[in-house]
Amino acid sequence: MSLINGFHLRNLQGDIYGGLTAAVVALPLALAMGVSSGAGPIAGIYGAIFVGFFAALFGGTPAQVSGPTGPMTVVMAMIFTQYTGMFPDNPAHGAAVAFGVVVLGGLFQILFGMLRVGKFIELVPHPVISGFMSGIGVIIILLQIGPLVGFDSPARPLLAMQAIPEFLRNLHPDAATIGLLTLVIVYAVPALLPKLNKLIPAPLLALVLGTTGVMLLFPDSQVPVLGDIPSGVPVLQVPSFDLLLLPGMIKSALTLAALGAIDSLLTSLVADNITRTYHKSDRELIGQGIGNTVAGFFGGLPGAGATMRTVVNIKAGGKTPISGALHSLILLTCVLGAGGLASHIPNAVLAGILIKVGTDIIDWDYFKRLHQVPLSGVVKMLAVLLLTVFVDLMIAVATGMVMASLLFMKEMVDLQLKSINTITDPDQAETPLSDEEKAIMKAARGDILLYHLAGPMSFGAAKEMSRRLAQFDQYRALVLDLSDVAKVDFTSSRALDDMIFDAQSTGRQVFLVGGRPQVYDMLQKQGVLGRLQSGHKHDRRLSALQHAARELAITAG
């Protein structure tokens, strides 16, 4: 396995242009997300530099560009607020704890990759992902309404929503004007001036025009701006790992790791669709984990594969990890020389850019298809969305997965139960029978009950298996046909054991048919086969029916 996945120099020109274009798009987004997180604009830039660089070199999606994303920033904002709030007299220590969570999150992602968890993340149902991502988008929008009109944003979405009327009654006119201008640019330019948007991405255009507009039109106003931004080479910042806080830190780190994994692998799928290639999911998790671990040690925001930056990179010609790494180096150059210029950027401009990010994250395509989506999918999506916005992100995903699992199990159980056929009259049998088998069943006149099972039998179907058999009480011999059963679990094997025991305890004879090796192994381990009389286990259904007929002195024909 090569050290850098997909590395080659045959596309150097395209990679250079792709990396440059991605950096232009990433700069305003990284600044905005740094401010939104509470850790400051430089944290957003550092996150884009370190996550972008190391995820590109060690990840599993060659054309992917990584950095702070909307979902990761929302979680980081909660983490940063939580831990700095614990130490009001020493917020620097709280920040160190928060970045310790980032380091732990990165280490968990590396562990996920080593344990090959990537394939399981792909099993998360679309309604759960849709509700989660849409909820993240709503959170971003709610948290940016205050800064858009000149106020600081509350820490929680519910508080931000409650504060909207107050914000609108007392808005800062100059900030609101700049914010509105930003919204017009980021929404109108891509739609109405696509050629200009290709030349100068709308977020960067909004950043330049918004900052210039404040300096020229409102030179004496009190429009909130970024303020001083550190410049120079990033300095190692040792994070703090407080033993008393460790359980909570681990929970937050797992949230970051899981969200980053989902966010990155979704972007990897987007990249695959455009480039007609296939990413390596477990390697991608390791690369993202390395990037987030390093970012935590330098006070950078956690990140993930960024969809918009990745698409821009690919469209501009980027195909290899060179483009993602170059985008990070260009951002590092900006930090080294442009910190003074960035300090004049209005918060309202960054808020407008982030509101566009929030609306882009919302899964509008799913909402358009609501009338075509099964009701269960709509319920899952809306439940996850509301829990994401108003309760907790991990609770939202966990609830969505539990709902999806239960609904899936219900559907599987219904299919399993549909495959169960109880036959006493061969003319009404859904299971195909040979002429000889039909003759025996007709001659038995209900004395032989053929109980046919098919497919995998799980715990969900076990109780109904026994209940259906209990509806018959006129038979004298039971033939359990397992020839089409692919698998039985512990619970269904116990149900079969109970069925055999109940039949035998009322003086009925029981015969077992077929059964694949893994089915017989399970039944043998659970002692089910031991209940059968010698010779009552058959490989073919006809043989079992003939044996039952002899025992009951039934003559066919």
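The largest cavity has a volume of about 50 Å³, where a cavity is a set of points on a 1 Å grid over the protein atoms alone at which a 1.4 Å probe fits but cannot get out, and where a volume is the space filled by probe spheres set on the points, with grid points joined across faces, edges and corners. The structure is a predicted model, in which local features need pLDDT of at least 70 and side-chain atom pairs count only at pLDDT 80 or more, while totals for chains, interfaces and linings use all residues. Residues are numbered from 1 along each chain as its sequence is written, and side-chain values use heavy atoms, with hydrogens and water left out.

In total, 2 cavities of 30 Å³ or more are found in the structure. Lining residues, which have an atom within 4 Å of a point, are M33, S36, G70, T73, V74, I140, L143, Q144 and L354 for the largest cavity. At least two residues of this lining come from each of helix 1 (12-37), helix 3 (70-86) and helix 6 (126-148), helices being DSSP runs (H or I, at least four residues) numbered from the N terminus.

The second largest cavity holds about 30 Å³ of space, and its lining consists of M72, V102, G105, G106, Q109, L256, A257, N292 and P302. Helix 4 (91-114) and helix 11 (246-275) each supply at least two residues of this lining, and the largest share, 4 residues, comes from helix 4.

Definitions and conventions:
On a 1 Å grid over the protein atoms alone, a cavity is a set of points where a 1.4 Å probe fits but cannot get out, and a pocket is an open set with protein on both sides within 12 Å along at least five of seven lines; lining residues have an atom within 4 Å of a point.
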